[in-house]
Structure formats: structure tokens, C-alpha cells
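Let's walk through this structure together, from a pair of packed helices to the overall fold and the ligand.

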Amino acid sequence: MIAELFAWWRIDCLPAARRMGYRREAAALVVRHRRLRRHWADHLARTRAALLASARQATCARDAPKRAWIMGAGLLHDVPLAELLECFERIDLVDVAFAPAARDAARRHPGRVACVTQDVTGLIADPARDPRDAMPPLPDDAWCASVNLLSQLPLLPCSVWLQQGMAESGVERRGRTIQQAHVDALQQAAHACLIIECAQTHPPPGPADIDLLPGLPERLAASGWLPLDSWHWPLNPPGETELPEGRAMQAWSR
Ligand SMILES: C[S@@+](CC[C@H](N)C(=O)[O-])C[C@H]1O[C@@H](n2cnc3c(N)ncnc32)[C@H](O)[C@@H]1O
């Protein structure tokens, strides 16, 4: 509790996002990352390796981008910043919440690393907007990456809509539309990397896996994305929650 309070105090957050609970969520993640470091090490290493592989592919292209636009990077747990600085002249870390690690990185690399405070859905300030129109455009001269973010995007907006009394089926539909709008935007980028949580898993004899992004891997494969890696993230290892659970992860590049 004290650790979360201290982490909360050190996080910079977009005011509208803070009111929706993003600062609290970010603080909780910082503390869990610290506590579960050993269990999450492989997941974080695989995420960093996938980002780097995708970035290096982009730098080999004829139209190699000089800039990286990394969404969901405000805590900097899973971004290989030093290696990416060898690939790009400028790196934008894009998030609604920033931990000291990201702010320090921007201070250490003035003009090369920046913390860009942006809600990538465009819905936090005005949840009534149509998710397909609300998204701010991605820069057209950058390698764009979405890092373990897609499943998070609908969570807090959907809880607002549920509290406002919207029917569950409508909330579910809007949540999927947010995710599809994010993938569609990345599809427009010349070079991109997408790291996703595809399924919720439970160790045997627990419940069956739950598909979190039904049909998305197939749609990505059919629209020019290449699979880079897949792995298991022990999100809540035994002892952390009553029912241990993990995530089936996938990394894609195009
Ligand atoms: C689960 S974390 C992803 C893991 C993260 N890359 C790390 O370093 O641990 C999700 C991140 O996305 C950010 N985020 C969630 N919704 C967002 C939105 N609408 N716009 C921008 N960032 C968002 C959160 O603040 C958080 O930092």
C-alpha cells in the first residue's frame, strides 16, 4: 500500500487520465513489476527482443525511418532504449502516464528521447466520441510500436460506460472498436511492431484459456504482418492471486 502510494506520487499523468484511474493503474504496475521481477523477466526480455528485431528490420528498408513512436512506453519496463537509440535519431515514448525512468531517459538524451503525453484512443477526455474518429493520427515518418497496450486500451473507458449504464453488449462492441481502430492506425504506418496479449491462460487443472483478441492473429497474418515471436507471460504466478493466470503473448512486425 505504502509502496503504491509512493509510486503513484512519482508518476506524471494526463489530468483527464488521472481522473479515470490511469495513474493508480500505472503505480500498481510499477510495484507489481518490482515484486514479480523474477517471474516477468523472460516476458520483458522477449518483448525487448521483439521490439529490437522489428526496429532493425525497419532500419534495413529503403525508406528507413529515423524516428520511433513507441506507444505504451511510459513506464519503460520493456523498451530496449539504448539499442533503439542506435537505430533511430529520435525516440518518442508515448503514454498517458510516465514513471521517473522515462522522464530520466528523456533528460539524459535531450533532443533524442521525448516523453509524449498522449491518449492514443482520443477517448479519455470525451468518452462519448466514436472510437473510429477519435484516435489521433500516427506520425507518417516513424517506426510505430504498440507495446503490451492493446488489451489495456478499452479497460478504463469501458468501466466508465458500464458505470454510466450502457448495456454490456454495447460496451463490449465499443471496446473491440477501440482495439480495431488502434490496429487499423498501425496498419497505415510504413513500419510497425505490435505486441499483444492474445489469451488469458490458467495452469492445469484451471479453466480453459480465454481468447482475448478473437480472430486478430489471423487478420494480422492476412494483412501483411509477420509473426516475430510468441511466449507465455506468468502475469499472476502461484501465490500472487487466488487463481494463478498468465497471458499468451504474440509479437508482430510489418
Ligand atoms: C500494461 S502497460 C504496458 C506495459 C508497459 N509497456 C511497461 O513498460 O510495463 C500499459 C501502458 O499503456 C498505457 N496506456 C493505457 N491506455 C493508454 C492510452 N489510451 N493512451 C496512451 N497510453 C495508454 C498505460 O499508462 C501503461 O503505461
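A crossing of two helices is called right-handed if the near helix is turned clockwise from the far one by less than a right angle, and left-handed if it is turned anticlockwise. With that in hand, keep in mind that this is a predicted model, and look at helix α1 (residues 2-9) and helix α3. The crossing of α1 and α3 is right-handed. Their axes come within 8 Å and cross at roughly 120 degrees. Angles of 65 to 115 degrees count as roughly perpendicular and those over 145 as roughly antiparallel, so α1 and α3 are oblique to each other.

Which residues in α1 and α3 meet? On the α1 side they are A3, E4, A7 and W8, and on the α3 side R23, R24, A27, A28, V30 and V31. Sorted by class, this contact of α1 with α3 holds seven nonpolar and three charged residues, with no polar ones.

Now turn to a second pair, helix α8 (residues 155-163) and helix α9 (residues 168-188). Here the axes come within 10 Å, and the crossing angle is roughly 155 degrees. Since angles over 145 degrees count as roughly antiparallel, α8 and α9 are therefore described that way. The crossing of α8 and α9 is also right-handed. From α8, the contact draws on P157, C158, W161 and L162, while α9 supplies V171, R174, G175 and I178. The classes in the contact of α8 with α9 are six nonpolar residues, one polar and one charged.

Stepping back, these helices belong to a chain whose secondary structure comes to ten helices and ten strands. Along the principal axes, the C-alpha atoms of the chain fill a box of roughly 50 × 45 × 40 Å. How does the radius of gyration fit a compact globule? For 254 residues, such a globule would have a value near 18 Å, and the chain has 18 Å, which agrees.

Finally, find the ligand. It is surrounded by 21 residues, and the closest are G72, L75, H77, V120 and N148. By class, the shell around the ligand contains twelve nonpolar, six polar and three charged residues.

Methods
Residues numbered from 1 in each chain as written. Predicted model: local features only at pLDDT ≥ 70, side-chain atom pairs only at ≥ 80, totals over all residues. Near = placed C-beta within 6 Å. Nonpolar A, V, L, I, M, F, W, Y, C, P; charged D, E, K, R; others polar. Axes fitted to C-alpha atoms, helices over the stretch in contact; angles between N-to-C directions. Helix = DSSP H or I, 4+ residues; strand = E, 2+ residues; numbered from the N terminus. Parallel < 35°, antiparallel > 145°, perpendicular 65-115°, else oblique. Contact = placed C-beta atoms within 7 Å. Rg over C-alpha atoms; globule rule 2.2 N^0.38 Å.
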